[in-house]
Amino acid sequence: MELIIRRGECPDDERNILLMAHWALIFDFHKAILDLIPNNCGSAFALVRPCLEALVRAHVAVKGSADDIKKLQEDTYHTDFDKIGPWIDKEFGTDSLFTNFITNAQKALHSFTHAGLSQIGRRFDGHTLKASYNDGEIIEVTRVSTSAAWMVTNLFTIYLGFTREANEAQRLYVKWGEH
């Protein structure tokens with residue numbers, strides 16, 4: 001995030017404002033997820049869906065219709081999870097990345113955010129009322145939220161023509177992924 005803030009430029013048209021707001025929001029969610037994981041996994045896991053919702057809306061801000069922009073501005077936009085993945089893949093040339101990701105994650109994202117069985121089932125460790133999230137799940141949530149932060153940074157920097165920052169963000173993301 002600092003890569004962009006140091007640049008000191010803040011484009012002010014309606015699409016850019018929405019994109020920047022969603023970009024900043026994803027970083028807030030990502031930081032909260034990382035802060036919460038050590039002591040409150042349930043809350044951390046619940047934030048993954050709004051993090052990904054902000055990622056989707058950032059893409060809509062860039063290439064959505066005038067009606068989509070109006071709905072984002074009026075807070076009446078609703079994501080159709082069955083349609084948005086293919087739309088993003090088509091508009092941004094991401095093959096089936098978003099389609100596969102959203103399709104595979106949709107039920108779990110909903111369940112974790114809306115107190116479904118994904119959350120309820122992790123309230124017990126055997127017969128003891130104690131939260132039970134395994135290391136693999138925690139690593140996956142960390143990977144997903146970090147990837148969302150990078151994806152929106154990638155979208156943001158490329159869309160605004162910040163080539164140097166886009167390249168540096170890519171380098172940092174690849175380096176992070178090596179671990």
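**Helix packing and selected residues in a predicted model**

In helix 4, Arg57, Val60 and Ala61 meet Asp68, Ile69 and Leu72 of helix 5, where contact means heavy atoms within 4.5 Å, and where helices (H or I, at least four residues) and strands (E, at least two) are DSSP runs numbered from the N terminus. The residues of this contact of helix 4 with helix 5 divide into four nonpolar, no polar and two charged; here Ala, Val, Leu, Ile, Met, Phe, Trp, Tyr, Cys and Pro count as nonpolar, Asp, Glu, Lys and Arg as charged, and the others, Gly among them, as polar. The model is a predicted one, in which local features need pLDDT of at least 70 and side-chain atom pairs count only at pLDDT 80 or more, while totals for chains, interfaces and linings use all residues. Residues are numbered from 1 along each chain as its sequence is written, and side-chain values use heavy atoms, with hydrogens and water left out.

Two packed helices are described by the angle between their axes and the distance between the axes. For helix 4 (residues 48-63) and helix 5 (residues 66-74), the packing angle is about 135° and the axes are 8 Å apart, the axes being lines fitted to C-alpha atoms, for helices over the stretch in contact, with angles that run from 0 to 180 degrees between N-to-C directions. Helix 4 and helix 5 are therefore oblique to each other, given that angles under 35 degrees count as roughly parallel, over 145 as roughly antiparallel, 65 to 115 as roughly perpendicular and the rest as oblique. Helix 4 passes helix 5 in a left-handed crossing, a term that applies if the near helix is turned anticlockwise from the far one by less than a right angle, with right-handed used if clockwise.

Helix 5 also packs with helix 2, at an angle of about 50° and with the axes 11 Å apart, which makes helix 2 oblique to helix 5. The crossing of helix 2 and helix 5 is left-handed. On the side of helix 2, Glu14, Arg15 and Leu18 meet Ala66, Ile69, Leu72 and Gln73 in helix 5, and the residues of this contact divide into four nonpolar, one polar and two charged.

Helix 2 (residues 14-36) also holds histidine 30, which at 10% relative accessibility counts as buried (buried means under 20% relative accessible area, exposed over 50%, and partly exposed in between, with a 1.4 Å probe and protein chains only). Leaving aside its neighbours within four places in sequence, histidine 30 is in contact with Thr142, Ser145, Thr146 and Ala149. With serine 145, the side chain of histidine 30 forms a polar contact of 2.9 Å, that is, a pair of N or O atoms within 3.5 Å, of which, within protein, one must be able to donate a hydrogen and the other to accept it, residues adjacent in sequence counting only if both atoms are side-chain atoms.

Most residues other than glycine have a negative phi. Alanine 115, in the loop between helix 7 (97-113) and helix 8 (117-120), has a positive phi of about 55° although it is not a glycine, and alanine 115 is exposed at a relative accessible area of 55%.
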